[in-house]
Amino acid sequence: MPQPASQLSRRRLAGMVRKESLQILRDPSSIAIAFVLPVVMLFLFGYGVSLDAKDVRIGFVIESPDSETSDIRAAFGQSDYFEPVVFHTIQAAEQAMREHDIDGIVWMQSDFSHRLHAGLGAPLGVIVNGVDANQGRITEGYILGAWQTWLTHYTERRGLPKAFPITLEQRVWFNPAVNSRDFLVPGLVAVIMTLIGALLTAMVVAREWERGTMEALLVTPIHIRELLMGKLVPYFVLGMGGMLLTVAMAVWQFDVPLRGSFLVLLVASALFMLVALAMGLLISIVAKNQFVAGQVAIIVTFLPAFILSGFIFDINSMPWAIQLLTHLIPARYFVSILQTVFLAGNVWPVILPNAAALLLMAFVFLMLVRRKASKRLE
Amino acid sequence: MLQHILALIIKEFLALLKDKRSRFVLIGPPIVQLVVFGYAATFDLNRVPFAVYDEDNTALSHLLVERFSGSDTFELVGKISRDADIQPMIDNKQALMVLHISPRFSDDLAAGESASLQVIVDGRNSNTALLALNYVRTVLLDFSADWAKQQQRPPPPAKLVMRAWYNSNLVSQWFIVPGIVGLLTLVVSLLVTALSVAREREEGTFDQLLVTPLRPVEILIGKSVPGLIIGLVESTFIILVAIFWFDVPLRGHIGALYLGLFLFLLANIGIGLMISSLSVTQQQGLLGAFLFLVPAVILSGFATPIANMPEAVQQLTLLNPMRYFLIIVRGVFLEGADIKLLVPQYWPMAVIALFSLSSAAWLFRRRMY
């Protein structure tokens, strides 16, 4: 076994980078992974993933129609959120709900208007389908809003005391239209790039071992650091290309406002790409064979980035033990930076700690890669 | 003939389970992920950090603040006394929400004018913002109803009586945990199948298999059975954890669930083997598995409803077996659905399974490099 040189040699490194680059260019699947895949995925998911309930089908059960009940129906009909369907008995509406034809019921019993005029607290019965608890809650919120609007008008028209003595003035900062796409698309960029990073590198070292070309590399005077850097550099360039494409899509295709600076975004992306690639490389080195490397890559990259990153599920609402665990997921820091840089701007108290965490993770992963790799060479 | 298939099944099991790391990968992570994700994936709000800017500073305004700080949903993290303090509080994510009580709040309320309460919410997570606002409105309704009663004012002429079917407290865990059953079943069955033919092709042992007297159908059965068995065992475990650990009610018939599970596994195995026999190298197999898995999860209705998707994307989800299985698993768990009600979900999965399994068998021989 040749003595590895202690200094990095630019010539050997250049040779290694050249070899990897040629390998990438001759098997265009890596290029497809880096450029085509993120664009297709972001396109599909950016449109597909939305939490905004629109045109919720609501069954209106009006037992004895009159001017009051049609007023209420009109109040609901004005809103974009509902698509009213009229029923005459509660049984028919319940059957429709069981068959998933409607997602909610608003029920006015036959004595509704009578009790309303007498000021007896006429009950407006509401049933929502609670299987999807989040949508159920959002639907309840919309119904509450429509009902408040109607009741405020009703009491004003009749000169009755205010039904709601406190008026709520709500301001949703950064996203006044409460458009879920503006919040989800930056997170999707992080999830997709986690996948791309792992896919690019998870098999590159395992492949060399399995094909026996690693031994061939080992008998050259190349230093292990040069070998690893030679593997990282070309994939880093590819990955950053894909990253820029997705960011461009977020801004121009999905109209997500980019309020922070592009430079911050670029630096954070570079840090994250480094972590994702190093993670893939580590999997590849530890697993030794492509089969296991592939399995591990599927398990540790996609689902954790999807569920534990704050991309869609709010980390603040998780139990504290799980919150601690999310600190091990690199995508968590990147999602936080992306959501802030896109929607809020350069808020340093959010960006700096997250960027520091990414830097630390990159360092740790690269150290692990270095250690695991050198052991095997001896 | 049966013996041949049996021998092949045993060989497949050995290939999957004899390697310690591969064995661990198949069993360890799904179980850990079930527990972690079961707790992590929630849309319920807990301890939303909020700050108060109380310019009124009366007994009444304190009472209002207590309504928020006393609930599990909100957690008071600070009081501010200047307009300028609101922005850093929200920007730096110290508070998700600031309640701004105007100086005339209690005077206006007493005079019968409308008293205004300003709420500023961080919209970076729009869903959390929306839910927090909904909670605020509910708290305010309760507060003003109690206040009106205390002041002996007449109650409003109408009231809203809300309830939710199937999940009366709207616990999002009841929605998510059955979804995780589908999620992990999909991952495990893909892990078992998606690389299996590709690996043999790369190592050259698939050619050896093809020159044995085994027919493609027999190879197909030999390759599918281990995935089916491992999938059934792991899903059963996951279902038990959902029932006994996460306390998700199982209201329907277990048979309806297992019929769905069986078809779902067959469809996944078919797709996995199809990917595997299409790819010449394991790298392509892995890529194929990802290319199917990621859209299958994101566009399944697991986290975001299919109904919110644009029409074209909704059409695309009809090809996704997970879409049907999620309706089945949630239907059986929460709605108590029976086999008859779920027929529209069973047959598309059966069609997908039939198509993918037969194309996989066809590809075994046709696809040579």
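**Exercise 1. Identify the charged link between the chains.**

Solution. Start with Arg137(A): it forms a salt bridge with Asp44(B). The closest N and O atoms of Arg137(A) and Asp44(B) are 3.2 Å apart. The cut-off is 4 Å, so the pair qualifies. Note that the model is predicted. Next, count such links across the interface of chain B and chain A: the rule finds one salt bridge. Polar contacts come next. Between chain B and chain A, 34 residue pairs are in polar contact, with both residues at pLDDT 80 or more.

**Exercise 2. Describe the side of chain B that touches chain A.**

Solution. First, find the element that gives the most to this side. That is helix 6 (residues 126-150) of chain B, with 16 residues. Then sort the residues of this side by class: 69 are nonpolar, 25 polar and 16 charged.

**Exercise 3. State how much the two chains bury between them.**

Solution. Begin with the contacts: 110 residues of chain B touch 114 residues of chain A. Now take the area. Chain B and chain A bury about 10,300 Å² between them. Carbon and sulfur atoms account for 69% of that area. Arg124(B), Pro157(B) and Trp165(B) supply 8% of the area that chain B buries against chain A, more than any other three residues.

**Exercise 4. Find the strands that pair across the chains, and give their direction.**

Solution. Look at strand 4 (residues 122-129) of chain A and strand 5 (residues 158-165) of chain B. Eight bridges join them. The two strands run parallel.

**Exercise 5. Locate a salt bridge within chain A that links distant parts of the chain.**

Solution. Over all chains, the count comes to 17 salt bridges. One of them joins the side chains of Arg158(A) and Glu68(A), at 3.2 Å from N to O. Place each residue. Arg158(A) sits in helix 6 (residues 133-158) of chain A, and Glu68(A) in helix 3 (residues 67-77) of chain A. The two residues are 90 residues apart.

Conventions. Residues are numbered from 1 along each chain as its sequence is written. Chains are lettered from A and ligands numbered from 1 in the order in which they are written. This is a predicted model: local features need pLDDT of at least 70, side-chain atom pairs count only at pLDDT 80 or more; totals for chains, interfaces and linings use all residues. Side-chain values use heavy atoms; hydrogens and water are left out. Contact means heavy atoms within 4.5 Å. Buried area is the accessible area (1.4 Å probe) that two parts lose on being put together, summed over both. A polar contact is a pair of N or O atoms within 3.5 Å; within protein, one must be able to donate a hydrogen and the other to accept it, and residues adjacent in sequence count only if both atoms are side-chain atoms. Helices (H or I, at least four residues) and strands (E, at least two) are DSSP runs, numbered from the N terminus. Ala, Val, Leu, Ile, Met, Phe, Trp, Tyr, Cys and Pro count as nonpolar, Asp, Glu, Lys and Arg as charged, and the others, Gly among them, as polar. Two strands pair if DSSP finds at least two bridges between them.
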